[in-house]
Amino acid sequence: MAHTAMSGSGTTAGDDPLQTAVWRLRSRACWADAAALLQPHTAGAALQRASLLVERCLYTEQGWAEAEDALRTAEAVAQSDDERGAAACERGQLAYAATLLGVRDRADEARAALGRAAALLTPGAPGRALLDFRRGLLAENLAHAPQAARAAYRRAHAGAVAHGDPLLLSFTWRHLAGLALRDGELAEARHGFAESLRIREELGYLVGTAPALASLADAEAEPEASRLRAEAGRLFRLLGGVPTWLARQLTPPAATA
């Protein structure tokens, strides 16, 4: 299952207290509370608020109307091409999430919005790496084109390194590892999943730690796989069953006779 990602501002000592509070709530699956701290009077705040509510949709399969409203606000207050491109990127992600989770087929809208974002964002914009990652998600999960997805994830990975975005890096590690696992490259998959888990634990990204543990379990042999899956299940229950789709991954494969 694919996730959204955005810059992990508020994750280090000395950050703005508001961003630190938003990050702590977001990392504990309290997206609505985090969004409530942000007043959408500027393009940056409106966009961050929309991003939080879009992420909530993907993790909880709820809150679609609120995310749409927040996106419309972000689009209305955007002034520069980079701001408009970032808002288009969020719209593409919301349409992707609705399609992936079976709410409504919005695949064409997702592709069009991400294409619009690509036309608006300048080549060196920080949001370009996130856009590349999300184009990889569409390629992997909607177009079923793993080679195109791998190329997009690698561009996003390089961009995350260049812009110092460890949270996005945790997502690119995880999705590149997922493609490696699909190809039977177990050592590469374990390394990528372990790096993703390490970063998320260091950041305190609790809501993303259970999926990282479960993914690493898929690449490990027993008894380590069961231990990792049990730890993922503990965190999953602690957060009230979020992300909702993780329940399927936490069920181990049926034993063969």
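A salt bridge is taken here as a side-chain nitrogen of Lys or Arg within 4 Å of a carboxyl oxygen of Asp or Glu. In this predicted model, Glu68 forms such a salt bridge with Arg91, the closest N and O atoms lying 3.1 Å apart. Glu68 belongs to helix H4 (residues 64-77) and Arg91 to helix H5 (residues 81-100), so the pair ties together parts that are 23 residues apart in sequence. Glu68 is buried, with a relative accessible area of 15%, and Arg91 likewise counts as buried, at 12% relative accessibility. Both residues also take part in a network of salt bridges that links Glu68, Glu75, Arg91, Arg106 and Glu109.

The structure holds 20 salt bridges, among them one between Arg155 and Asp132, whose closest N and O atoms are 3.6 Å apart. This pair links distant parts of the chain, with Arg155 in helix H8 (residues 146-162) and Asp132 in helix H7 (residues 127-141), 23 residues apart. Arg155 is partly exposed, with a relative accessible area of 45%, whereas Asp132 counts as buried at 10% relative accessibility.

A further salt bridge joins Arg198 to Glu202, with the closest N and O atoms 3.2 Å apart. Arg198 and Glu202 both lie within helix H10 (residues 186-203), where they are separated by four residues, about one turn of the helix. Arg198 is partly exposed, with a relative accessible area of 34%, while Glu202, at 58% relative accessibility, counts as exposed.

Conventions
Residues numbered from 1 in each chain as written. Predicted model: local features only at pLDDT ≥ 70, side-chain atom pairs only at ≥ 80, totals over all residues. Heavy atoms only, no water. Helix = DSSP H or I, 4+ residues; strand = E, 2+ residues; numbered from the N terminus. Buried < 20%, exposed > 50% of the residue type's maximum accessible area, 1.4 Å probe, protein only.
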